[in-house]
Amino acid sequence: MSISGKTKRIGILTAGGDCPGLNAAIRGVGKTAIKEYGMEVYGFTAGFSGLINGDYIVLKESQLSGILTVGGTILGTSREKPYKGYENGNSEQDKPERILSTYNDLGLDCIVCIGGNGTMKTAHMISQEGMNVIGIPKTIDNDVWGTDVTFGFDSAVQIATEAIDRLHNTANSHQRVMIIEVMGHNAGWLALYSGMAGGGDIILIPELPYNIRSVCKKIESRYEEKKPYSIVVVAEGIDHPKNRSAGSYIAEAVKIYTDMETRETVLGYTQRGGSPTPGDRILATRYGAFAAQCIAEGCYGTMVAIDKGELTTVPLSEVGNKLRLVDPDNTLILKARKMGVSFGDEEI
Ligand code: F6P
């Protein structure tokens, strides 16, 4: 209940690329809102499209049971950007007005937007229109500014690591160079963590410009050390020609320069599906339950976040248009270098 005694009515949506843990977050928000605070919960379908078109389902507590472990999102998602063009004042569409109408017509007290950087930017725009909003950060890329970690990342690291383990076996059997491309168009967190967890020999991330000759030198030196196979983990967003995948580009270059048998594997959307890891289930649940608490306390215009293991909030105004990239001096990178892992940027 609000201070006025009116039952609070909240909306939830999931936007942007999906990831494991979305349903756990929806459940965390919804169950806490209903059971602890007596709120009404509306789930908007297909991201911001649901808010624009007034497409929603009323979520009862019973509908939030049995979804904790399920991948994807029961609400659906989309990459709809309702404020696109508005910043430059050249948009002719009426989506922002329709969002405001939905909000007012349904008598909403707050909208919980679960998503990545783009979603947090839109959430901020909505709050600037006078609506109450709370953001929950998710993405397998782990690149949302303002939080130490997003849910979805741990699950994707597990999926990618398992794939690297399998590729390790076949690389060893055939004495081949295996190039594994993982997601991460701006940030190399997934490549770095899965590459390290999977014992990658070379890890290429967008934050560290690589030199293909340095990559090949590392592969050749392993060959000379009687290690005739190599594992190269590549983030999809490294510098490469845009008409092909980063993995296939590196594979071809390695073939040409080293003359070694080389194969590439692009993990693609497998990294975004499936049941969340226990760690992601807990993180998404903590975020969701905390978001409901923030609504009860009227802490709007914020994104829930983790700072040194503790839940906190950051203003949405600070989050938009920023990315949390891998620091070249990240301690894991420094440790990896000391162990002989190459990032393709070593002197040749
Ligand atoms: O969710 C982030 C991400 O997985 C990126 O790493 C990737 O480039 C992008 O989404 C692709 O998603 P879509 O094809 O759904 O736009």
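Colleague: A pocket is an open set of points on a 1 Å grid over the protein atoms alone, where a 1.4 Å probe fits, with protein on both sides within 12 Å along at least five of seven lines. Where does the ligand sit?

Modeller: This is a predicted model: local features need pLDDT of at least 70, side-chain atom pairs need 80 or more, and totals for chains, interfaces and linings use all residues. Residues are numbered from 1 along each chain as its sequence is written, and side-chain values use heavy atoms, without hydrogens or water. By the sitting rule (more than half of its atoms within 2 Å of the grid points), the ligand sits in the largest pocket.

Colleague: Which residues surround the ligand?

Modeller: The shell (a heavy atom within 4 Å) has 3 nonpolar, 2 polar and 4 charged residues. They are Arg79, Ile140, Asp141, Met183, Gly184, His185, Glu236, Tyr269 and Arg272.

Colleague: How far is a polar side-chain atom of Tyr269 from an oxygen atom of the ligand?

Modeller: Polar contacts here are N or O pairs within 3.5 Å. Asp141 places a polar side-chain atom 2.9 Å from a ligand oxygen, and Glu236 places one at 2.7 Å. For Tyr269, the distance is 2.4 Å.

Colleague: How much of the ligand's exposed area does the protein bury?

Modeller: Areas use the Shrake-Rupley method with a 1.4 Å probe. Alone, the ligand exposes 400 Å². The protein buries 75%.

Colleague: Which domains does the ligand lie between?

Modeller: The bounds come from an automatic or database domain assignment. Both domains give residues to the shell, so the ligand lies between domain 1 (9-152 + 276-307) and domain 2 (156-272 + 327-338).

Note on methods
A polar contact is a pair of N or O atoms within 3.5 Å; within protein, one must be able to donate a hydrogen and the other to accept it, and residues adjacent in sequence count only if both atoms are side-chain atoms. On a 1 Å grid over the protein atoms alone, a cavity is a set of points where a 1.4 Å probe fits but cannot get out, and a pocket is an open set with protein on both sides within 12 Å along at least five of seven lines; lining residues have an atom within 4 Å of a point. Ala, Val, Leu, Ile, Met, Phe, Trp, Tyr, Cys and Pro count as nonpolar, Asp, Glu, Lys and Arg as charged, and the others, Gly among them, as polar.
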